[in-house]
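Subject: A structure for you to explore

Hello! Here is the structure I promised to pass on. Have a look around it first, and then read my notes below.

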Amino acid sequence: MTALTTETRRPPAPTAWIEAGGAPDDAVQAVRGGLTSAGVRLEPNARGRIVVFDPDDPGAAARLTAAAASGRVLALALRDATDGWELLRAGASDVVIWDGTPDVAHLIADRLRRWHAVDELLDCPHVRDFLIGESPAWRAALRDAVEAARFTNSAVLITGESGTGKERLAELIHDLDPRRPKRKLVILDCSTVVPTLSGSEFFGHERGAFTGASTVREGAFELADGGTLFLDEVGELPVTLQAELLRVIQEGTFKRVGSNVWRKSRFRLICATNRDLAAERERGGFRSDFYFRIAGCTLHLPSLRERPEDIAGLFRYFCRQVAPDREPPPLSEPVRDLLLHRDYPGNVRDLRSLALRIIHRHLGSGPITVGDVPEHDRPARPGEDRGGDRRLELYLRDRLAAGSSVDELTAEVRAEAFRLCSADRHGAPNGAGGPGEPEEPHRHRVPEKASLTGAGAAPRG
Ligand SMILES: Nc1ncnc2c1ncn2[C@@H]1O[C@H](COP(=O)(O)OP(=O)(O)OP(=O)(O)O)[C@@H](O)[C@H]1O
């Protein structure tokens, strides 16, 4: 990505439009006057809306919900007698009590200015062309990410299923980070860290620190000085290792293995995981003190199931990646239908692989038709039940991509086959409760990620 330069511009005048959500006219006029004096431009087309309401008005929540359907809304209550949570639930993005003082008008102007700056970033080609998606679920997640990247320096924890774009989002956050000069993004996949070498991986080592340490090595925290450290798959870090990282994450200080010298590193920390760390914390698999250090700001990326509206746009994007010089071919109706209704257990990564398989088969300049879809990606014939096979295939593909060996997978499939066979013999076809069966049915683990970054810390310029 090329660096953004928008931070050098003067902040634009905040704009908004005021709607009277049941408040008396003279009060709305007073609010208008206050905001105009605070430098807010009142424009009917402004994306930010301010709904001024009387807390006693029983229709206030409904009015907010209606206004929020067409943009972000700041709920401005004329008195403090309001359940702020209720207003947020009704669709308001922010809630302010108007006490009539100029201070409140300036506070609102500042908030509108921030909204505007975030919207501008969200809409700039740099962001739009890097992370594709227009669905409300995606835009809401991206808005939070852009705001955290640009206006805070807090540690960010990105959660979401495998393939939802966590690593790509980390790249964007690094890129939007306004620090200057800013150094590189360093990526460390925690699932590949060998426990015996973890000290060296994270903190580096001195020459001769241990057998085989023939040269000095900088660790991930040192490499990330002045830049960003992205700890991917942070949920895989053993608890003992989490304890070792507490100090460096909190203070930025560490010692290389084999050295007594404290070093300092100023880095922004971004972590990602597809695990439910809150549940892990409860069962003791993840340290709470570590969690609170890495989760200064949490961002959750929606799965592709939650944003089917984005499938066609993502498909076009992947076509352009393959053939940047020509317009992506249109999709015939059955192919569009197939793309929309297919399962994507690997989310965007899955869609991308499918798109590439289809694009590479497509010849000529006409639309993409059913003949361009490889055989194993086609829908089952009526009456043919390929669901199980297909799910198994996708599962195996994902596990192989995540680094599982064929032997491991074979053992797993054999164990599952024995279990089903035994369950059938004992008359419990679903594997539940047959005599001699384990109490908990065996379940496939959630597919792990395909490692794109490989082992070790990988600096990105
Ligand atoms: N919104 C998006 N726009 C364009 N490409 C995307 C988007 N989201 C994901 N991708 C692409 O999908 C693939 C998977 O994304 P990424 O590696 O960021 O996912 P992830 O959530 O980090 O996965 P994992 O949990 O398995 O590490 C990459 O090729 C990435 O470029």
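How far apart do the C-alpha centres of domain 2 and domain 3 lie? They lie 33 Å apart. The contact between them takes nine residues from domain 2 and 10 residues from domain 3, where two residues are in contact if their C-beta atoms, placed from the backbone, lie within 7 Å.

Before going on, please note that this is a predicted model: local features need pLDDT of at least 70, side-chain atom pairs count only at pLDDT 80 or more, and totals for chains, interfaces and linings use all residues. Residues are numbered from 1 along each chain as its sequence is written.

**Domains**

The protein is divided into domain 1 (6-123), domain 2 (136-303 + 452-460) and domain 3 (304-377), with bounds from an automatic or database domain assignment.

**The sheet**

Five strands form an open sheet in the order 2-1-3-4-5, with parallel pairing. Strands here are DSSP runs of E with at least two residues, and helices are runs of H or I with at least four, numbered from the N terminus; two strands pair if DSSP finds at least two bridges between them. Strand 2 (41-42) and strand 5 (94-97) are at the edges with a single partner strand each, so one side of each has no neighbour in the sheet. Strand 4 and strand 5 run parallel and are joined by four bridges; leucine 76 has valine 96 in strand 5 as its bridge partner.

**Helix 2 and the cores**

In helix 2 (residues 60-68), the residues Ala60, Ala61, Arg63, Leu64 and Ala67 are buried, meaning that 20 or more other C-beta atoms, placed from the backbone, lie within 10 Å of their own. Seen down the helix axis, the buried residues of helix 2 fall within an arc of 160 degrees, so they line one face; the arc is that of the directions from the axis to the C-beta atoms. They pack against strand 1 (15-20), strand 3 (49-53), strand 4 (73-77) and helix 3 (84-89).

The largest nonpolar core has 82 residues, of which Leu64, Ala75, Ala145 and Leu229 touch the most other members. Such a core is a set of buried Ala, Val, Leu, Ile, Met, Phe, Trp, Tyr and Cys residues joined through C-beta atoms within 7 Å. Domain 1 and domain 2 both give residues to this core, so it lies between them. A second, separate core of 15 residues includes Ile311, Cys319, Ala355 and Val373.

Enjoy exploring!

How values were computed. A residue is buried if 20 or more other C-beta atoms lie within 10 Å of its own, exposed if 12 or fewer, and partly exposed in between; C-beta atoms are placed from the backbone.
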